[in-house]
Amino acid sequence: MKTLVLLIIIWPLIGFLINGLFGKWTKNYAGIIAASALGLSFLSAVYPIWQVILGNIYDYVYFTWMPLGKFSVPFGLRIDSLSAVMLFVVTFVSWMIHIYSNGYMKGDPGYARYFTYLNLFVFSMLLLILGDSYLLMFVGWEGVGLCSYLLIGFWYDKKTASDAGEKAFVVNRIGDAGFIIGVLFILFNFHSVTYADVFPFVHQVLTPETATIIGLALFLGAMGKSAQFPLYIWLTDAMEGPTPVSSLIHAATMVTAGVYMVARSNAIYDMSPIAMEVVASVGAFTAFYAATMALTHKDIKRILAYSTLSQLGYMFIGVGVGVYWAGIFHLMTHAFFKGLLFLGAGAVMHSMRGLLSTDLMGGLKKKMPQTAILMVIASLAIAGIPPFAGFFSKDAILAGALEMGHPIIWIVGEVTAFMTAFYMFRFVFTVFYGEEKVPNLYHELHVHEAPKVMTIPMWVLGVLSIIGGWVGLHVSGEIPIEAFIARTAPTLEVANEAHYSEAFLMGFSACVGLLGIFTAWVIYIKKWITAESIANTFKPIYTLLANTYYVDEFVYFFIVKPFWWVSEFFLWKIVDVKIIDGGVDLFGWISKRIGWLFRTLQTGFVSHYAYWISIGVMLLTGWYLVRII
Amino acid sequence: MNQLHFPILSTIVFLPVIGALLVSLIDSKKETAIRWVTFIVLLLDFLVSLPLFFYFNSSTYQMQFVEKVPWISSLGMNYYLGIDGISLFLVLLTTFLSPIAQLSTWSGITQKTKEFNIVLLLLQTGMLGVFVSLDIFLFYIFWEFQLIPMYLMIGIWGGPNRVFATMKFFLYTFFGSVFMLVALMALYFLHHAYYHEYTFNMVTLMSQPLPANLQFWLFIAFALAFAIKVPMWPFHTWLPWAHVEAPTAGSVILAGILLKMGTYGFLRFNLPMFASMTHQFVDIILIISLIGIFYGAFVAMVQPDIKKLVAYSSVSHLGYSMLGMFALTTIGIEGSIMQMINHGISTGALFLIVGIVYERMHTRNISEYGGLASLVPIFSVFFMIFTLSSIAVPGTNGFIGEFMVLFGTFESHKVFAIIAAFGGLFAAVYMLTMFKRVVFLKPLNPKLLKLTDFNLREWIYMVPLVVFVFWIGIYPNTFLSKMHASVNHLIEQTKITNVNPNLNGKVSFDNKVIIKKSGLKG
Amino acid sequence: MLAAYMFVSVLLFAIGATGAMIRRNFLIVLMSLELMINGAGMALIVMSYFTGNISGQVMFLFVAAVAASETAVGLAIAAMMYKNKKSVDINDYTTLKK
Amino acid sequence: MSVEIVVFAILALMAVGGGFGIIVTKNPFRAAMWMVLSFIGSAGLFVMLDAVFIAMLQLIVYAGAITVMIVIAMYTMDRLTIASLKRFNNQAYFGALFGIGILLDFIVIAAKLKINTAQMGKNLSIAGSNVKAIGDVLFKSYLLPFEITAIVLLIALFGAVALTKKDL
């Protein structure tokens with residue numbers, strides 16, 4: 001069993017090494033190698049997941065990685081219910097996306113390089129999930145950041161792509177600095193970073209203040225990685241990378257690392273209500289904020305990026321409020337339907353030769369029927385319509401928020417749900433329904449349905465985003481997924497748990513979803529009130545939303561530019577060159593100046609030398625007189 | 001005690017000198033012969049230094065492979081060599097980097113190759129001497145000796161205004177070491193006044209510290225000399241000049257090894273011998289190294305010249321090392337030693353990379369590069385690996401050093417560690433912006449098209465560096481296990497702060513430990 | 001009485017010194033140097049007389065020898081100066097300026 | 001007692017006046033004559049101080065040899081150029097100032113000089129002869145300086161010759 005667990009990680013590593021080292025020779029087989037590596041990894045993960053479902057937990061140590069004086073950091077892997085869910089999500093979804101990218105990246109010159117990075121990414125993500133200590137999680141954390149840097153900047157000759165990659169890495173590093181501080185505190189207080197040594201002793205070791213500090217520090221890391229409010233700017237630019245990358249990294253796996261981390265350290269968060277409050281409110285604000293921006297955006301990938309932001313906000317609400325199982329459940333369902341949405345968008349882009357703006361698209365239903373159906377399914381799921389996956393997980397979060405005594409967050413959640421439903425169906429109606437906006441554009445581009453290798457994974461994800469939610473149904477008195485995850489991340493016991501009837505909550509959120517779809521239907525299909533009329537009635541708000549609250553410009557002019565200016569003109573040109581270097585050269589200058597002074601004494605006239613001698617004699621005898629006689 | 005009963009340290013130190021003699025016999029026109037002989041001698045030196053690692057007994061903190069021969073016994077000077085956990089890896093780093101640096105100059109240095117190789121060999125002796133000598137006077141001799149070859153190397157084979165750079169380098173370091181000489185003498189005589197024994201022997205001086213009030217000026221003098229060498233923040237301005245003008249091999253050795261002498265000096269002299277002063281100065285030096293970290297990073301961000309950028313990054317990296325050292329915790333000091341070794345490898349490698357490109361393109365400013373990834377893929381992969389190692393991405397060696405330093409500092413001074421944690425962020429900023437502008441984007445500059453990728457020779461001297469980057473990153477235990485005993489002993493020595501040996505004879509220690517706990521309570 | 005003799009030798013010395021400083025003609029300077037040495041020699045003799053120790057006078061012997069050789073070399077320099085620039089004025093020779 | 005003082009005054013006046021004459025006269029020849037006068041004065045003073053041999057030596061070496069040497073040197077130069085030279089160099093008052101300064105310093109020293117004059121006037125001559133005393137001390141304890149002075153003179157000789165030789 002121990003080697004099987006290790007194998008899960010080793011397979012992607014082997015795939016990475018094969019493609020990496022022998023990239024030239026495995027020119028067009030790289031995709032197959034990478035996909036099969038993932039497949040094997042998934043298969044070798046099935047048995048351990050099954051065992052975990054049956055109730056036992058595996059925690060193996062392989063070797064001591066870093067001996068830190070008295071205590072040492074082991075390299076070990078751990079599978080419990082929480083990481084089992086994540087394991088299933090990561091391995092399965094990445095496997096699908098690997099198959100999909102075989103088709104998507106067919107003609108690309110960097111074909112082998114793409115799959116090398118993808119495999120390295122999955123390896124680091126698995127390390128992050130299966131690592132048995134915070135430090136190993138951090139290794140995965142940074143590894144994942146590195147791979148997202150490489151993959152976003154995959155088409156490195158495009159300036160925007162490499163800039164976006166660099167921006168992603170730097171913003172992640174800000175988060176990582178916070179994560180490191182959290183890990184330092186934990187290591188200092190618990191004298192170890194492995195989960196087994198930390199979580200059982202939380203109550204004896206930590207005081208609420210230190211728990212808050214650790215919680216907030218770790219959450220800073222989560223904000224960086226899962227693009228929460230202040231540090232989300234990199235996610236929208238990350239769309240520069242290939243679409244399967246966006247779907248894998250920026251929808252299903254990497255961005256959810258923060259949620260997993262908060263769920264994993266639930267013991268610490270339970271100790272500090274303030275940290276929980278911060279997580280929940282940041283999550284709620286990001287959800288609402290991102291949803292507003294998605295309302296007006298034209299570019300399909302950007303819409304999906306903002307919707308990811310807002311869904312992540314939901315997950316943080318779930319985890320922040322204390323209903324950890326709901327957060328993780330939503331994470332799982334979100335991976336399915338958001339992955340599908342991105343793949344669908346990829347298929348559309350693939351056939352439209354990279355055109356992204358919704359103005360050019362319309363009535364694609366006729367040309368790409370399968371993608372259309374799948375996108376509708378995914379949109380229904382994300383909008384939270386009953387039988388689909390999104391409904392159960394989102395409803396669980398909102399119910400949790402309400403029961404745990406956060407009514408405002410519940411309201412914000414419902415409003416965002418409405419907006420989500422609206423913008424998703426705005427996207428679906430404008431792209432797939434209605435008529436062609438640009439006459440016979442499709443003809444020139446001879447738009448056609450995506451090839452088999454791309455549609456199959458999409459269908460699989462489509463099915464999953466339907467049945468994925470059923471795990472959250474009430475079966476024999478308790479929700480299976482809740483019981484399963486609660487083994488490692490028990491829901492927070494709150495004193496006054498307000499009891500609202502399940503049915504009412506479910507019904508309410510379903511109606512909100514339907515309302516959202518209806519308004520989109522009214523505006524975009526029936527055109528009773530055209531989108532343009534709304535736009536110019538709320539002119540100022542519309543422009544504000546259109547260019548995303550001018551956040552990027554703000555960051556650029558008020559943080560990046562002055563930063564560079566200060567370090568260039570002040571720190572370098574003045575402080576370093578003038579003051580410090582000048583100080584050193586000053587010594588040289590002073591000695592030169594003194595040398596010059598003495599030179600003036602050498603006038604050439606012998607008599608002047610005689611004068612100096614006599615002055616010397618006088619001084620000497622004078623001193624002799626004063627002191628000795 | 002000398003396990004091998006064979007003067008291994010002397011052979012390591014003086015083998016290059018013999019090599020230099022050998023090279024001087026060869027006719028200067030036969031350049032390939034000269035290069036081969038030098039390379040073989042340096043390689044031999046590395047092989048001879050390997051037993052140090054294998055026979056090293058990591059359980060005791062005593063000096064090992066000791067060679068003690070009375071030199072001027074009337075003054076108490078003896079030819080005393082030996083290494084312990086701290087200096088073992090610095091010796092290995094020197095013998096490891098020098099053959100690589102020499103190999104990189106085969107096509108780089110064309111005029112006066114014979115003199116260059118001789119100078120390189122002498123430099124090797126000087127450096128090794130510093131790390132192994134346990135007699136302060138011998139230490140000082142080697143300390144001064146290693147300046148001269150470096151001076152020549154920058155002065156003769158350097159860039160355009162090399163004379164200014166080498167003059168500044170030499171005088172600046174010399175200015176520091178003059179203070180050290182005075183402090184050395186003062187230490188010698190004060191030691192006699194209290195312990196009635198004239199000795200230059202470092203180990204005895206370490207074990208018999210002076211009373212606190214005397215240590216103040218000694219500490220400052222030594223600290224100044226080593227701070228200039230490290231270089232710590234205010235004394236760093238010679239480094240960019242020296243690096244920009246030095247030839248590739250010169251830069252590699254300067255960054256890889258010479259800078260470590262400063263930190264090594266702190267570990268050997270300031271911490272053990274002037275323990276009570278160390279405790280007073282902890283806060284100041286921590287602040288200075290913090291400034292060094294951030295200042296180095298900020299200024300590196302805006303450098304147009306790659307070598308200057310990497311030079312300022314060295315200031316930042318060594319700021320970490322000093323931070324870890326003056327946290328005065330076992331992990332902090334081990335982290336700082338690891339950081340020294342990592343910096344040696346990653347910055348040495350970065351300079352080699354710049355050297356390779358400089359040899360082909362003869363320009364160092366970033367704006368003229370761009371799009372190397374499509375032209376020279378293998379080069380870009382190696383460049384990427386070393387950039388990651390210098391940003392301290394986990395899995396590479398940089399992370400181990402940085403994390404240990406951060407944790408070490410955290411144990412004693414929480415606030416400093418928290419601030420330092422954000423230092424890594426700026427490291428990523430400057431390295432990645434440089435990396436993006438050099439490797440990614442489209443190759444616009446027509447001259448870039450004639451770039452050729454790695455030839456066999458470059459492969460040979462790049463691969464070992466990559467091996468070490470990942471070896472330390474994934475399994476640092478091989479290195480750390482050797483250090484524990486010596487570092488713990490050093491920490492014990494820094495604890496002896498209350499020493500009042502009365503003048504007339506018998507010395508009375510009372511080891512009551514007063515460590516001024518500074519910094520925020522956890 | 002000692003003070004009187006000492007005054008004379010000091011006077012001689014001082015006058016020699018002033019002469020050496022203010023005169024332009026190199027030969028006069030030589031002579032004033034001679035005078036200074038003579039002043040010093042006199043002090044020797046005075047001291048030897050008042051302390052009753054003959055070695056003062058022996059010292060004068062040596063001083064005289066040195067004075068003679070110094071004047072010889074001085075005159076050789078004067079001859080060189082004359083040959084060189086036909087003038088013995090020390091202010092003409094300022095090549096030691098820079 | 002008073003005769004001695006009168007004689008002392010005359011000789012001192014001769015010596016100092018001679019000296020003063022040197023630095024004042026315009027013509028170097030006349031200066032040489034003043035120098036001879038000064039040397040004779042000081043020789044007289046030496047005689048009063050029981051340093052008879054030294055007085056003789058002074059007359060022969062200083063007054064005779066050195067002055068004559070200077071005058072001979074003058075002959076090699078044409079008289080007009082030497083005579084017509086301006087007397088004092090520029091800002092000569094500096095020189096006078098410093099000369100007086102030195103004078104004052106030394107006078108103060110000479111005045112405050114305290115030495116034990118217990119042995120005043122004694123053992124300056126053996127069996128009445130000053131020369132014997134000098135010879136005795138000279139060749140017993142000062143033999144080495146004597147030899148060295150010989151060498152110094154020799155070197156001065158070579159130096160003078162080397163300097164003035166046209167093509168060495």
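This is a predicted model: local features need pLDDT of at least 70, side-chain atom pairs count only at pLDDT 80 or more; totals for chains, interfaces and linings use all residues.
Visitor: How many helices and strands does chain D have?

Guide: Seven helices and zero strands, in the pattern α-α-α-α-α-α-α along the sequence. Helices (H or I, at least four residues) and strands (E, at least two) are DSSP runs, numbered from the N terminus.

Visitor: What makes B:L152 count as buried or exposed?

Guide: A residue is buried if 20 or more other C-beta atoms, placed from the backbone, lie within 10 Å of its own, exposed if 12 or fewer, and partly exposed in between. B:L152 has 20 C-beta neighbours inside 10 Å, so it counts as buried. B:L152 sits in helix α6 (residues 147-157) of chain B. In chain D, 30% of the 168 residues count as buried.

Visitor: Which of the four pairs of chains that touch has the most contacts?

Guide: Chains C and D. Two residues are in contact if their C-beta atoms, placed from the backbone, lie within 7 Å. Here 73 residues of chain D are in contact with 65 residues of chain C. The side of chain D that touches chain C holds 54 nonpolar, 15 polar and four charged residues. Ala, Val, Leu, Ile, Met, Phe, Trp, Tyr, Cys and Pro count as nonpolar, Asp, Glu, Lys and Arg as charged, and the others, Gly among them, as polar.

Visitor: How do you know that chain B and chain C do not touch?

Guide: No residue pair meets the contact criterion, and their nearest C-alpha atoms are 26 Å apart. Chain B and chain D also have no contact, with closest C-alpha atoms 37 Å apart.

Visitor: Which helix gives the most to the side of chain A that touches chain B?

Guide: α6(A), with 13 residues. Across this interface, 35 residues of chain A are in contact with 42 residues of chain B.

Visitor: Why is α27(A) called roughly perpendicular to α12(B)?

Guide: α27(A) and helix α12 (residues 275-301) of chain B pack at about 105°, with axes 8 Å apart. Angles of 65 to 115 degrees count as roughly perpendicular, under 35 as roughly parallel, over 145 as roughly antiparallel, and the rest as oblique. The pair is therefore roughly perpendicular. Axes are lines fitted to C-alpha atoms, for helices over the stretch in contact, and angles run from 0 to 180 degrees between N-to-C directions. Residues that meet there include A:W564 and A:W572 in α27(A), and B:Y295 and B:F298 in α12(B).

Visitor: Where does UniProt place the feature "transmembrane region" in chain C?

Guide: The unreviewed entry gives residues 26-46 and 58-82. UniProt positions follow the numbering used here, feature names are shortened, and annotations may be inferred rather than shown by experiment. In the model, residues 26-46 of chain C are 100% helix, with end C-alpha atoms 30 Å apart. Residues 58-82 of chain C are 100% helix, with end C-alpha atoms 36 Å apart.

How values were computed. Residues are numbered from 1 along each chain as its sequence is written. Chains are lettered from A and ligands numbered from 1 in the order in which they are written.
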